Structures are given as C-alpha cells and as structure tokens.
2 protein chains.
Amino acid sequence: MRIVVDAMGSDNYPQPEIDAVIQAADYWSDPILLVGKKELLQPILDSRNIPKKLVEIIHAPEVLEMNDKPARAARGKSTNSMAIGMDLLKTGEADAFVTAGNTGGAMANALFRIGRIRGVKRPAVTGSIPVHDGVAVVLDIGANADCRPEYLYQFAIMGVVYAEKVFGIKKPRIALLSNGEEPGKGNTLIKETYPMLEASDLNFIGNVEPKEVYRGEADVVITDGFAGNVFIKTSEAVASFLTSTIRTEIKASPISSIGGLLAKPAFSRVGKKLDPAEYGAALLLGVDALVFIGHGRSCKRAMFNAIRMARQAVENDVLAAVREAIKSRLDAGRSKETE
Amino acid sequence: MRIVVDAMGSDNYPQPEIDAVIQAADYWSDPILLVGKKELLQPILDSRNIPKKLVEIIHAPEVLEMNDKPARAARGKSTNSMAIGMDLLKTGEADAFVTAGNTGGAMANALFRIGRIRGVKRPAVTGSIPVHDGVAVVLDIGANADCRPEYLYQFAIMGVVYAEKVFGIKKPRIALLSNGEEPGKGNTLIKETYPMLEASDLNFIGNVEPKEVYRGEADVVITDGFAGNVFIKTSEAVASFLTSTIRTEIKASPISSIGGLLAKPAFSRVGKKLDPAEYGAALLLGVDALVFIGHGRSCKRAMFNAIRMARQAVENDVLAAVREAIKSRLDAGRSKETE
C-alpha cells in the first residue's frame, strides 16, 4: 500500500506531517510518499537519518495557501503539493492521499484532477465525531452549501459504505439531521429527502436532533454541507468554550486548583476520548480516489490517525465498495425505468 | 405591569411555574396572572397562603400537549392555557406572556390569536446564549425552517432592537451565521442576504462561524430557523455530552473524585455562567405582543429569569421599538420607490 501525505497542509507544516509520516512508515513498515518542497523537507529527513526507501519525497514547488481561491488554485497552481499528490492517485502510483490543507482547495483539486465516481452527483466531506459509546459518521460537513434531496440520498448510500468499511459498523443506522425528530420536521430539503430514504432498503431510522447524535443513536448522520458545517463547527466551538471556562474557573481559587490537579488524569481521558485528533480526518466521499483531509490545526497524532484511517479505507477497498453501491442503485433505477 | 404566566407549559408543570410566579410577585411586588387549570392550581396556592391579589389564577380548562399539532391546536383547543394567556395580551389585560410550552404551539397560537407586527414578514424565535464576556442574541432558532433573504434582513432589524432594549447593548454588531467568515461564504440564502445587510445602515460585521459567536465577536447572530436550531441544539447537546463525560471520568478513580469535590465550587460557577436558565427564554420577535418561551425543562430559576426578561422587555417597550424600526424601514422603502 502506498499512502501519499501532503507535507504542506497543516497550519504548522511540515513538522506534524513529517513526524507522523516517520512514525507511520515505521509502525506499519510500509514506505510513505511525502509531497512538498524538497529543499525544505530533505534536510529535515536527512537530519533524522530516515532511509529514502521508508519516506520518499515527491517534489512540489508550490503550496496551496489557505486564502487561495480553491477553484482557481486547482487549475492555476498545478504544481502545488495537493495537485501533485492527487495526480499520484490518478496514475495509480499511490492508493490514498492525506492532507491537512484547505478543504475547499482539496475538493477543487480532487474534482479537477480526479473527478467524481460515475453516477455520483456531488461528493461530500465526510467527517466522524466521538459520540456516546462510539463514533458517528456525518456528511456533508462542508462541500455543498446548497443541496438537493438526490444528493442527500446519495450521501446516505456512500456514508453507509464508509461506516461499514472504516469503522466496522454492521447495518449502520442512517438518520437525517433535523430540527425535530418527528417525520414532518425539517426544512424543505429534509422533508423531501425523508420519503426517499424511507422508501429505500437502507436502514433509515428517521430524523435526529443533535442530542440524539451525541447519544449515539445514529451511525450515519445526513445533512447538507451548510447545516453540517454549522453542526461540526458548533461542536468544536462549544467544546473549546466550555473547556476554557472550566480551566479559568478551576484556576480562580487555590483549592479548586488542587482539585483540578488531582482530577487531571480524568480530564486527560476526557480529552483523549473527545479529541478530534482521534478520528478527525474527513474523507471526500464520492471523489474517484481516497482523499483524506485532516484539521488545519492537526498535530502529529492527528496526522498519524489520518494515515491510519486512510490505510483502513485502502485495505477495505472503500472506493470499490462506494463505486459498487452507487452503480447498483443506478442499475436498479434504470431497470425500473425500463420495466 | 401585568405578566401572565402559563402554568401548564414546562415538562414538570405546574411546580416550576408556581414557584417562580410566587417568587417574582414577591420580588417585584407586582401581581402576576397564572393561567391554567384552576382545580389544579388553586389548592397549591391555598396551601402556601398566597394572597389572591398577588397571584391571580385565570382558568384554562385545556392543556396544549407537546405532541399536539401546533396549527391545529391553536385553532381547535381554544381554551388551552396558551390561547387564553395570549388572549389577555390581545385585550390589553396583560403586557407579556411567559410559557415553557411547545415552541411550535406558542408560535401557532401567537400568529392565530395575535398576529404579526405590521410589515413583518416572518416572526422569529429569538434566543440568547452565554458567550465569552457576555451574551449573543440569535435568531431565528426555530420558527422558519425555510427562509428568504428579506426575512433574514428583518430578523436583523428586530434583533438589534432586542439586543439594545433587553440586554442594553449599544450599537449591536450584527453577523450572519455561516460556514466561513469570508464574504463569499455561505449557502445561497446567506450569499443573497449579505449584500442587503451590507447596504443597510445596520452595524453589520459580516459572516461569523460558530467559534466567533462563542468568542463574543457578534451581538446579534442572524440565521434561518433550521441552521439556527441546529446551532442552538448542538450547543446544548455538546455541553451536556462533555459535562457527563467529565463527570464519568472524574468518578472513575478515588483520587480524581476528591479532585472533583475540591473543584466543585469552580464547576458550579461554570454551570451558573453557562446555564441556559440564566437567560434561556426566547422571544417571538415580530409577533404583535410580547411572548416569551422558556425551555421545556425549565426549573423555577429559569422561569423566574424568563419573567425577568419579560419585565425588561415591557419596561423598555420592545414592542413599540420593533414596530417603529420595521415601520421606518417600510417608509424608507416606499419613499425610495416614489422618488
């Protein structure tokens, strides 16, 4: 298996990327490709005595910056590290690409250089979040701000494959993220998608509100890319707001500071349980290659876990399974039409 | 001032309502009306020796249940406590109505029995959340799952009045809740609303993501009722998920349990700071009367604070100010048309 990692993606590139790549190559005894500015990367690898056959640098003279316009950057700067990394997927030289760069840039590059799986209307950014007793797959969390019911229907088909193949969830429970649990709840999009999912052979359990998501009542949560983005970013914002408020209040008195010290291992366990670094990388599901996007703030562990998820996806051939799932629905649709 | 409180709204009615009403009537030395089943309420008040002139019961033989269809209930069960409470606003016998009942039911009753302020296209459920160093007003958090740019524009006009009059915020900063801060971000609705707010004389600061909301960078956050509902409910869900995870982990070892005990006052301060009971009641802004809706899980303190907010709104004549703000925009629009 060949994973290619973007060395120039995270806010602190290339350190988290290099550290994670070295760890991963060693851990799985499997060479990894690192794409980025050779003059920047080579000296670091040399200084750490990393054998070339373990981490191979693919030179990319340019960097896709956070404020580059995604669509323009995908076409224009065709020698940026994302473009070159994705070209390796297209030519079959690598099996999956991992980046902590700009999501819009990754999607634009992926659409331009790789394209969609045949039959997929819109690829979705597919995230996964820690919930009570497990994980929930959420899509779309950012690619498609305006959606149609057919898109959401396909997100469900693809999300199921992902939940099964990457997280090993059997018969994933699919739900629509809505403003109420009852069948009639939702905006027009949700109300129109509901009967499509209900009529399908998918394991559709209806609408869920955010609290049901966090209670772990659904495995695959379907939403448009706007509401999904609000959902994911609100989750991060509240967790961070709450954590910093707790920290401030604990430090406000000597006694509670001591309490905080004694409870520190407990807080660490909470942090680890809920850390987006655990499985924070999102997959561009529907693109005809495996492209994983980590958080811009990714640390070494986050990048390492993103590589782990990418390997999992390659090993279980998520791509073939998504192609097949989409194709079989298309075929079913066609045979119905000709009946 | 006469506040009328729905005795039959909260999940644990009528206890939180009665307790809060007694406290409020005493605190402000101002009689309060309590609407609900007299045969249920009277014995409780009698047993506590509450003088009739302090808390007056208005009999409502029916109760709007959580699973009643809002629109049907508003028309059908016209003797439910919400309907009767709102009728008192219409006739001028009361200045504001406070309920912890079903939001949909309250909106349906309000629209049917009271109606909109002249010129208001859609009333919005207007919430307020604790953020870094203050409070943010968020609307719509639930009434209008599908919105048009004109609605959002009016939400901004009304939200400003509310932030000024109820929270005393001068020149409130208005922002659109979006999936990115840059001006081009958002779904079609946000992209179309942006230039309208930019061209207005409102203090529009652009798009915000959830993290900026929690950092306290905007005073009035504008959103459609679907995304706004996801935002508010995700906030609650994550706070509750995080809190319960922390509790479980702290209890998992004797040492961290001791730490937790020592830090307890700090946790209480956090709880109080972030408690939706503090100012969790939402106003139906755009309805031609003051209707406040508390959380279904409202405790006595939440109900008391809802009454406090209602009093604040009456004292500062929010209703007249909203009428005036909407009217002046309408007039400005008309004079432009005739120019």
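**Entry 1: ground rules**

I count residues from 1 along each chain as its sequence is written, with chains lettered from A and ligands numbered from 1 in the order in which they are written. The model is predicted, and local features need pLDDT of at least 70, side-chain atom pairs count only at pLDDT 80 or more, while totals for chains, interfaces and linings use all residues.

**Entry 2: the sheet of chain A**

I looked up the strand order in chain A and found an open sheet of eleven strands, β3-β2-β1-β4-β11-β10-β5-β6-β9-β7-β8, with mixed pairing. Strands (E, at least two residues) and helices (H or I, at least four) are DSSP runs, numbered from the N terminus. Two strands pair if DSSP finds at least two bridges between them.

Which strands stand at the edges in chain A? They are β3 (55-59) and β8 (204-208), each with a single partner strand, so one side of each is left without a neighbour in the sheet. Neighbouring strands of this sheet are turned by 25° against each other on average, direction ignored. Such angles run from 0 to 180 degrees between N-to-C directions, and axes are lines fitted to C-alpha atoms, for helices over the stretch in contact.

**Entry 3: pairs within chain A**

I followed β5 (residues 124-131) of chain A to β6 (residues 134-139) of chain A; six bridges join them, and they run antiparallel. P130(A) has V135(A) of β6(A) opposite. The two strands β5(A) and β6(A) make a hairpin with two residues between them, and in the turn D133(A) has a positive phi of about 60°.

Next I checked β6(A) against β9 (residues 220-222) of chain A, and found three bridges and a parallel run. V138(A) has V221(A) in β9(A) as its bridge partner.

Elsewhere in the sheet, β4 (residues 96-99) and β11 (residues 290-293) of chain A run parallel and are joined by four bridges. Here A96(A) stands opposite L290(A). Helix α6 (residues 149-167) of chain A packs on the sheet and touches β5, β6, β7 (174-177), β9 and β10 (282-285) of chain A; its direction makes about 160° with that of β9(A). Contact is taken as C-beta atoms, placed from the backbone, within 7 Å.

**Entry 4: chain B**

In chain B I looked at β7 (residues 174-177), which runs parallel to β9 (residues 220-222) of chain B and is joined to it by three bridges. I174(B) is opposite V220(B) in β9(B). Helix α7 (residues 188-199) of chain B lies across β7 and β8 of chain B, at about 170° to β7(B).

I then took a helix pair: α4 (residues 81-90) and α5 (residues 103-113) of chain B pack at about 40° with axes 10 Å apart. Therefore α4(B) and α5(B) are oblique to each other; angles under 35 degrees count as roughly parallel, over 145 as roughly antiparallel, 65 to 115 as roughly perpendicular and the rest as oblique. On the α4(B) side the contact includes M82(B) and M86(B), and on the α5(B) side A106(B) and N109(B) are among the residues. By class, the contact has five nonpolar, two polar and three charged residues. Ala, Val, Leu, Ile, Met, Phe, Trp, Tyr, Cys and Pro count as nonpolar, Asp, Glu, Lys and Arg as charged, and the others, Gly among them, as polar.

**Entry 5: how the chains meet**

How is chain B laid on chain A? A turn of 180° and a shift of 0.0 Å along the axis give an RMSD of 0.0 Å, with copies superposed by least squares on the C-alpha atoms of residues with pLDDT of at least 70 in both. The two copies are thus related as by a two-fold rotation axis. In chain B, G259(B) has the C-alpha nearest the axis, 1.8 Å from it.

I found 48 residues from chain B and 48 residues from chain A in the contact. On the chain B side, the elements giving two or more residues are α8 (210-214), α9, α10 (254-262) and α11 (264-274). The largest share, 18 residues, comes from α9(B). That side divides into 26 nonpolar, 14 polar and eight charged residues. Of the interface residues of chain B, 100% are also interface residues in chain A, so the copies meet through the same surface.

The axes of α11 (residues 264-274) of chain A and α9 (residues 225-251) of chain B come within 8 Å and cross at roughly 135°. That makes α11(A) oblique to α9(B). Among the residues that meet are R269(A) and V270(A) in α11(A) and I246(B) and E249(B) in α9(B). This contact has six nonpolar, one polar and three charged residues.

Terms used
Contact = placed C-beta atoms within 7 Å.
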